[in-house]
Amino acid sequence: MSYRFLLDIALILISTKVFGIITKRLQMPQVVGSLLAGLVMGPAMLGIIHSTEFLSQVSELGVIVMMFTAGLGTSLNDLKQTGKSSFFVALCGVIVPLFGGTILALFFNNSNTPNAFMQDVFIGVVLTATSVSITVETLKEMGKLSTVVGNTILAAALIDDVLGLIALTIVTSIGGASDSNLLIVLLKIVGFFLFVAIIGILVKKFMDWYIVNVHSTDLQRYPVFAFVLCLFMSFCAEHFFGVADITGAFAAGLIISTTSKAKYIEVKFAPLSYLLLTPIFFASIGLSVELPRMTVNILIFSVLLVIVAVLSKLLGCAMGAKICGLKKQQCEQIGVGMVCRGEVALIVANKGAALGLMPEIFFGPIIIMVVATTILTPILLKFAYRQSNTYEDLQESTLVDRYEEVEQLDYIAENLIRANDHMMKKKRNKKK
């Protein structure tokens with residue numbers, strides 16, 4: 001048995017952290033650093049780490065946990081209260097990029113495979129993704145998070161995740177089942193959502209009954225049960241319904257989010273994600289990238305993909321905001337705030353690559369697009385707010401509070417540990 005995997009994990013963790021610190025100093029998400037670490041340490045550059053079956057499996061587990069925690073952070077009550085403006089922003093922000101990406105891929109995809117058209121559609125699905133973490137940080141820095149625009153972006157991003165996953169589910173199910181009857185595929189998708197609804201009702205009732213009737217101090221059983229549900233739903237999605245496992249994981253997170261232990265479970269899952277699984281997942285994407293020969297076609301496609309990614313999201317979301325009667329400047333700000341793709345696009349692209357829906361030649365341009373939109377979003381946001389009043393459109397929101405609560409929990413835990421250490425020192429001193 002080779003123990004090389006231990007060294008590989010150690011190198012991945014230290015390199016992703018170093019690159020993450022560098023990218024954070026450059027005001028970019030640390031996920032970009034993790035991706036660059038994989039590119040630098042992998043076959044594309046230094047060749048120190050190579051993709052293995054073990055790393056691929058841990059990476060798959062990583063993306064499942066990430067989507068589960070994304071579902072955990074998506075409150076169904078918040079979705080109900082988002083309002084029509086957020087819904088239309090998300091809907092137009094999914095439809096326009098979907099068509100834009102598909103049309104662009106039609107001109108550049110020379111694949112002769114039977115599912116070539118579904119590959120084109122999948123490029124559109126990748127462009128539907130939105131990652132607002134960089135937008136939130138930029139708005140917080142400018143004091144604009146608790147505004148109409150900030151709240152609309154946060155709410156639209158929640159809906160965007162759900163709509164994007166529905167699009168991913170349909171495209172991967174149809175594209176990954178070319179030898180199956182289309183009607184059967186669609187029935188399986190409907191069956192999956194019915195399955196989720198039934199499991200959701202049963203789990204909610206069981207958890208409510210258990211919390212009220214079984215008075216136990218062993219709280220660790222709740223995260224264990226949640227993780228079991230996550231893995232079970234992921235397996236059922238792929239094995240029985242032909243739906244992407246990450247959709248099953250997200251659905252499991254949504255189910256757990258309806259229970260009273262959701263926040264506790266979310267806090268317990270965070271270390272598992274950021275200590276091991278998330279760095280390995282994003283580094284593995286970098287490790288698996290083989291940089292294509294930069295032909296004229298690839299260069300043109302990469303540039304056009306970035307342009308389409310920016311304009312389709314900006315115009316689509318701005319159009320949705322305009323339909324709901326928001327001011328012109330607000331429409332511009334919302335459109336710009338939804339441009340960043342980040343980790344969500346990488347997760348979707350990686351899933352497409354595993355299913356044969358993402359031609360290898362397109363993977364490099366996708367990464368370029370993700371990095372470009374990540375860099376451009378804060379720049380464009382600051383430009384969009386150039387003439388904005390400091391206290392304009394301020395608005396309280398539970399979504400903003402929920403987002404900031406995640407950061408606050410880490411500080412609370414650290415302060416509790418310090419307080420406990422201080423008390424223990426006092427006790428020891430008294431005994432002396």
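**Core, helix packing and a buried loop residue**

Tutor: This is a predicted model. Start with M369: beyond its neighbours within four places in sequence, M369 is in contact with V126, L127, L305, V306, A309 and R341.

Student: Which residues touch the most other members of the largest nonpolar core?

Tutor: F68, V126, M233, M358, I366 and M369 do. That core has 113 residues.

Student: Switching to helices. At what angle do α8 and α14 pack?

Tutor: About 40 degrees, with the axes 10 Å apart. Helix α8 covers residues 148-175 and α14 covers 328-337. The angle is why α8 counts as oblique to α14.

Student: Left-handed or right-handed crossing?

Tutor: The crossing of α8 and α14 is right-handed.

Student: Which residues make the contact?

Tutor: From α8, V148, V149, T152 and I153. From α14, Q330, Q333, I334 and G337.

Student: And by class, how many of each in the contact of α8 with α14?

Tutor: There are 4 nonpolar and 4 polar residues, and no charged ones.

Student: New topic. Where is L357 found?

Tutor: L357 lies in the loop between α15 (342-354) and α16 (360-384).

Student: Is L357 buried or exposed?

Tutor: Buried, because its relative accessibility is 0%, and the cut-off for buried is under 20%.

Student: What is L357 in contact with?

Tutor: Setting aside neighbours within four places in sequence, L357 is in contact with N115, M118, Q119, F122, V171, T172, G175 and G352.

Student: How many residues apart in sequence are L357 and F117?

Tutor: They are 240 residues apart in sequence, yet 9.5 Å apart in space, C-alpha to C-alpha.

Notes
Residues numbered from 1 in each chain as written. Predicted model: local features only at pLDDT ≥ 70, side-chain atom pairs only at ≥ 80, totals over all residues. Heavy atoms only, no water. Core = buried A, V, L, I, M, F, W, Y, C linked by side-chain atoms within 4.5 Å. Buried < 20%, exposed > 50% of the residue type's maximum accessible area, 1.4 Å probe, protein only. Contact = heavy atoms within 4.5 Å. Axes fitted to C-alpha atoms, helices over the stretch in contact; angles between N-to-C directions. Helix = DSSP H or I, 4+ residues; strand = E, 2+ residues; numbered from the N terminus. Parallel < 35°, antiparallel > 145°, perpendicular 65-115°, else oblique. Left-handed = near helix turned anticlockwise from the far one by under 90°. Nonpolar A, V, L, I, M, F, W, Y, C, P; charged D, E, K, R; others polar.
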